[in-house]
Amino acid sequence: MEKPKSPKPAKMTRASAATAKKPAHGGAVSVRKPPARRAKIPYSPDEIREIFRRLSIQRPEPKGELEHVNPFTLVVAVALSAQATDAGVNRATRALFALADTPEKMLALGEERVRDLIKTIGLYRNKAKNVIALSQKLVDEFGGEVPLSREELVTLPGVGRKTANVVMSMAFGIPTLAVDTHVFRIGNRLRIAPGKTPDEVEAAFLRIIPDDYLFHAHHWLILHGRYCCKARKPDCERCVIADLCKSPEKTCDVPAALVELPAQVV
Ligand code: SF4
């Protein structure tokens, strides 16, 4: 039987990214990976759709919790967030971004001043070096603009695949799935997108997430992991997918009431 052909993703430009129209749950341009050898997972497509439907009702417009004012400050904030909390990064970047919200201004500020402003964040010495180096590269090679593609983003000092995915999604509306510690844990704990590495978990999630939920999936999973399916002890009594979850660690089968949650406060 002939396999259905997947549509080719449209090539994204800065202008098209900025004006991309979100479908029902926000997807802009599909980055769906082609079907690949997949681990057997204990969820039917209907169960997976229901999981994302419920997460979408809890948080219809989920937002990243890192404060930023433009794509450049988002790149810097995400790069600073490695092994740090979003709240801790926000406390430091408020003063930093008030002084420098472009690569040129960051270079004018200089490494020593940047280091001083972010010294409450772990690994601040290296991070300050990277902020200056990535600002320099943006000015030298990208005309001071943050590039759109993952291939170009990961050439910036201190920017890995996860940071690139966050920037593509939050700054340019390109749906991707950045795998942080929460997404990685949920993929494996629930056995819904198992993998030994973040790349494997990312690929597994991208194979199963319904198109219309892809755009916000990253934030739904992070927020579910941060506030409910927590690392040390999952809060299963407060979980809206407790009846669907197939985790050996779950402690409750009865789903919590499905209501929209109050706005996020970092
Ligand atoms: S039921 Fe428990 S283990 Fe399963 S997703 Fe919810 S909080 Fe996590």
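Predicted model: local features only at pLDDT ≥ 70, side-chain atom pairs only at ≥ 80, totals over all residues.
**A chain of helices and a ligand**

The crossing of helices H3 and H9 is right-handed, where right-handed means that the near helix is turned clockwise from the far one by less than a right angle, and left-handed means anticlockwise. Residues are numbered from 1 along each chain as its sequence is written.

Back to the pair. H9 covers residues 161-172, and its axis comes within 10 Å of the axis of H3, the two crossing at roughly 145 degrees. The axes are lines fitted to C-alpha atoms over the stretch in contact, and angles run from 0 to 180 degrees between N-to-C directions. On the H3 side the contact is made by Pro71, Leu74, Val75, Val78 and Ala79, and on the H9 side by Thr163, Val166, Val167, Met170 and Ala171. Contact here means C-beta atoms, placed from the backbone, within 7 Å. By class, this contact has 9 nonpolar residues, 1 polar and no charged. The classes are simple: Ala, Val, Leu, Ile, Met, Phe, Trp, Tyr, Cys and Pro are nonpolar, Asp, Glu, Lys and Arg are charged, and the others, Gly among them, are polar.

Now the whole chain. What does the pattern along the sequence look like? It reads α-α-α-α-α-α-α-α-α-α-α-α, with 12 helices and 0 strands. Helices (H or I, at least four residues) and strands (E, at least two) are DSSP runs, numbered from the N terminus. Of the 266 residues in the protein chain, 38% count as buried. Buried means 20 or more other C-beta atoms within 10 Å of the residue's own, exposed means 12 or fewer, and partly exposed is in between, with C-beta atoms placed from the backbone. Among contacts between residues at least 6 apart in sequence, 61% join residues at least 24 apart.

H3 has another partner. H3 (residues 71-80) packs with H4 (residues 86-99) at an angle of about 145 degrees, and their axes are 10 Å apart. That crossing is right-handed. From H3, Thr73, Ala77 and Leu80 meet Val89, Thr93 and Phe97 of H4. These residues divide into 4 nonpolar, 2 polar and no charged.

The next pair is H10 and H12. H10 (residues 181-189) and H12 (residues 214-227) pack at about 85 degrees, with axes 8 Å apart. That angle makes H10 roughly perpendicular to H12; the scale is under 35 degrees for roughly parallel, over 145 for roughly antiparallel, 65 to 115 for roughly perpendicular, and oblique for the rest. His182, Val183, Arg185 and Ile186 of H10 meet Leu221, Ile222, His224, Gly225 and Arg226 of H12. The count for this contact is 4 nonpolar, 3 polar and 2 charged residues.

Staying with H10, Arg189 is located in this helix. Is Arg189 exposed, partly exposed or buried? It has 19 C-beta neighbours inside 10 Å, so Arg189 counts as partly exposed. Leaving aside neighbours within four places in sequence, Arg189 is in contact with Cys229, Ser247 and Glu249. Its C-alpha atom is 8.6 Å from that of Lys246, which is 57 residues away along the chain.

Cys229 also turns up at the ligand. Of the 14 residues around the ligand, Cys229, Pro234, Cys236, Cys239 and Cys245 come nearest, where a residue is near if its C-beta atom, placed from the backbone, lies within 6 Å. The shell divides into 9 nonpolar, 1 polar and 4 charged residues.

Two loop residues next. Leu123 has a positive phi of about 60 degrees although it is not a glycine. Leu123 lies in the loop between H6 (111-117) and H7 (124-142), and is partly exposed, with 13 other C-beta atoms within 10 Å. Arg191, also not a glycine, has a positive phi of about 60 degrees. Arg191 is in the loop between H10 and H11 (198-208), and its 16 C-beta neighbours inside 10 Å make it partly exposed.

Last, two residues of H2. Asp46 is in H2, which covers residues 45-58, and Asp46 is exposed, with 9 other C-beta atoms within 10 Å. Asp46 and Pro210 are 164 residues apart along the chain, and their C-alpha atoms are separated by 9.9 Å. Pro45 is found in H2 and counts as exposed, with 9 C-beta neighbours inside 10 Å. From Pro45 to Pro210 it is 165 residues in sequence and 8.6 Å in space, C-alpha to C-alpha.

Note on methods. Contact = placed C-beta atoms within 7 Å.
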